[in-house]
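Here are my notes for you as you start exploring this structure. Keep the viewer open and look up each residue as you read.

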Amino acid sequence: MSETTLSNSTILADYKAKTPGSAALAEEARQLLPSGIAHDARHLDPYALYCARGEGPYKWDVDGNRYVDYYGGHGALLLGHSRPEVVAAAEQALSEGTQYGANHPREVAWAKAVCRMVPSAERVRFTSSGTEATLMALRLSRAFTGRSKIIRFKSMFHGWHDHMASGVSDHFDGSPTTGVLAGIAGGVVLLPPGDADALKACLDNDPDIAAIIIEPTGASFGQVPVTPEFLSILRAETARHGVVLIFDEVVTGFRVSPGGAQAAFGITPDLTTLAKIVAGGLPGGAVCGRRDIMDGLDFAATAAAKREKIGHPGTFNANPVSAASGIAALEIIETTDACDRANKAAADLRAGMNDVLAKKGVPWAVYGTFSSFHVFTNPENLDLTPGNLDPLSLPWERLSAKSGRVTGRLRLAFALNGVDTNNKGGGLTSAAHGAAEIEHTVAAFSDAIDRLRHDGEI
Ligand code: PLP
């Protein structure tokens, strides 16, 4: 877009002009839903898009505008939107009934796929979400070890239940967030991500640690990265102390590689939590892992061991429509180069966006691994070369900083150019993102930078 076109407009005014249908729905929604939304990440100033359809790498808003989609269903859509084989499988299941209140053949096939693909999975229990999966993983760990505390790493997200609330975007001192009991927050030890010394000291001094949970590529799919070396240390230290190691692969599972981050790095945790891709883009999750730990859910095994069984109902656990969609998606991921395609798309995108920054002399950087890209807007104006940022050289607090005005405006400017990102201007690629979408996005980023400059945002 030329400077002449830009001269009388702002990002905000153009966004409002392009999305009147979303504006009207947002206004209506605010009368009905707190902040007009159903997920905190969909909160955006002045309002977020309302979407009506998705296909492949694209989605369309209610005004008919098309976007290259990097939100990817919060990470659930490694295969892009509405992959025909997945849709057909879900439609078939839907037509056969959505809820039998009974066991069904698809859950067995689904469990087989998970146990075949995920190295740590000897047994699997399906849940309805990732939040439920991490909750169960903690309970299994406590029951198995007889200990009470959990170690988490600051800035990592594991769902929204009470154990996971402090230390994600605030309350880094471990104090309870509003509505959470102090006793529950007090049972969680928060450590800095990647700090092996802090980890060792904690394990040496506290015999009451039941489990450590980690996002294996770092917080928000590598926005605050940790190294595979740190994972190796974790593996060794947890084994030494009899602590359960949980990889939260809700995002990385079936994305980083068909066997997730654990297969890519060759490090096998004791338990793994899954959601998003595991259900092929429909609601669903799972906790899987070592048989002796998972036996805490088994009627016969707990009776034989004279242990109390962990209770676990859940109306929509292993829902047959989610199971069908999950089986179809996992089969494609297992038998094609889907993960590699998504990884390559992100690598090309990161390179293209960094070229834009270098050409325009903007001291930001785009970084990431696998199918992610993260935009570092360098608020303290550090001396850096786009394309050459080592995020591990920066403190985790800098990388995990909340989205601010400039990233919000970047997202709007991207939207004006037919691209949807997360609130920090980054996102995830899918196997459906090809050269045309990457080229379009790099051009969109270039225009977005011009617009940000024109509006005085940078
Ligand atoms: N763990 C991680 C790493 C996640 O990214 C998320 C969700 O984004 C969750 C757990 C929670 O999953 P869900 O939203 O299905 O409850």
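**Notes on the cores, sheets and cysteines**

1. Let us begin with one side chain and its surroundings. Leaving aside its neighbours within four places in sequence, F445 is in contact with M353, V356, L357, L410 and F414, where contact means heavy atoms within 4.5 Å. Please keep in mind that this is a predicted model, in which local features need pLDDT of at least 70 and side-chain atom pairs count only at pLDDT 80 or more, while totals for chains, interfaces and linings use all residues. Residues are numbered from 1 along each chain as its sequence is written, and side-chain values use heavy atoms, with hydrogens and water left out.

2. Where does F445 belong? It is one of the residues with the most contacts inside the largest nonpolar core, a set of 37 residues; Y15, M353, W364 and L410 are the others named for this. A nonpolar core here is a set of buried Ala, Val, Leu, Ile, Met, Phe, Trp, Tyr and Cys residues joined through side-chain atoms within 4.5 Å. Buried means under 20% relative accessible area, exposed means over 50%, and partly exposed lies in between (1.4 Å probe, protein chains only). Elements that each supply at least two residues of this core include α2 (11–18), β12 (372–376), α15 (338–360) and α18 (435–454). Helices (H or I, at least four residues) and strands (E, at least two) are DSSP runs, numbered from the N terminus. Apart from this core lies another, of 35 residues, with A111, V114, V278 and V321 among them.

3. Next, have a look at the open sheet of three strands, whose order is β11-β12-β14 with antiparallel pairing. Two strands pair if DSSP finds at least two bridges between them. At the edges are β11 (365–367) and β14 (427–428), each of which pairs on one side only. Helix α15 packs on the sheet and touches β11 and β12; its direction makes about 175° with that of β11. For that angle, axes are lines fitted to C-alpha atoms, for helices over the stretch in contact, and angles run from 0 to 180 degrees between N-to-C directions.

4. How many bridges join β11 to β12? There are three, and the two strands run antiparallel. V366 stands opposite V375 in β12. The two strands form a hairpin with four residues between them, and G368 in the turn has a positive phi of about 150°.

5. Why is β9 (residues 271–275) described as largely enclosed by the rest of the structure? Five of its five residues are buried, so the strand is largely enclosed. L271, T273 and A275 point one way, whereas T272 and L274 point the other way. Three bridges join β9 to β8 (residues 244–248), and these strands run parallel; the bridge partner of D248 is T273. Together with helix α11 (residues 260–265), β8 and β9 make a right-handed β-α-β unit. Right-handed means that, with the strands pointing away from the viewer, the path from the first strand over the helix to the second runs clockwise. Five bridges join β9 to β10 (residues 285–289), an antiparallel pair in which L274 stands opposite A286.

6. Another open sheet has four strands in the order β1-β2-β3-β13, with mixed pairing. Its edge strands, β1 (51–55) and β13 (419–420), each have a single partner strand, so one side of each is left without a neighbour in the sheet. Four bridges join β1 to β2, which run antiparallel, and C51 has D61 as its bridge partner in β2.

7. How many disulfides does a search of the whole structure find? The search finds zero, a disulfide being a pair of cysteine sulfur atoms within 2.5 Å. For C288, the nearest cysteine sulfur is that of C115, 6.8 Å away. C288 counts as buried at 0% relative accessibility, and C202 counts as buried at 12%.

8. Finally, find R42 in the loop between α3 (20–30) and β1. At 39% relative accessibility, R42 counts as partly exposed. R42 and N422 are 380 residues apart in sequence and 8.7 Å apart in space, C-alpha to C-alpha.
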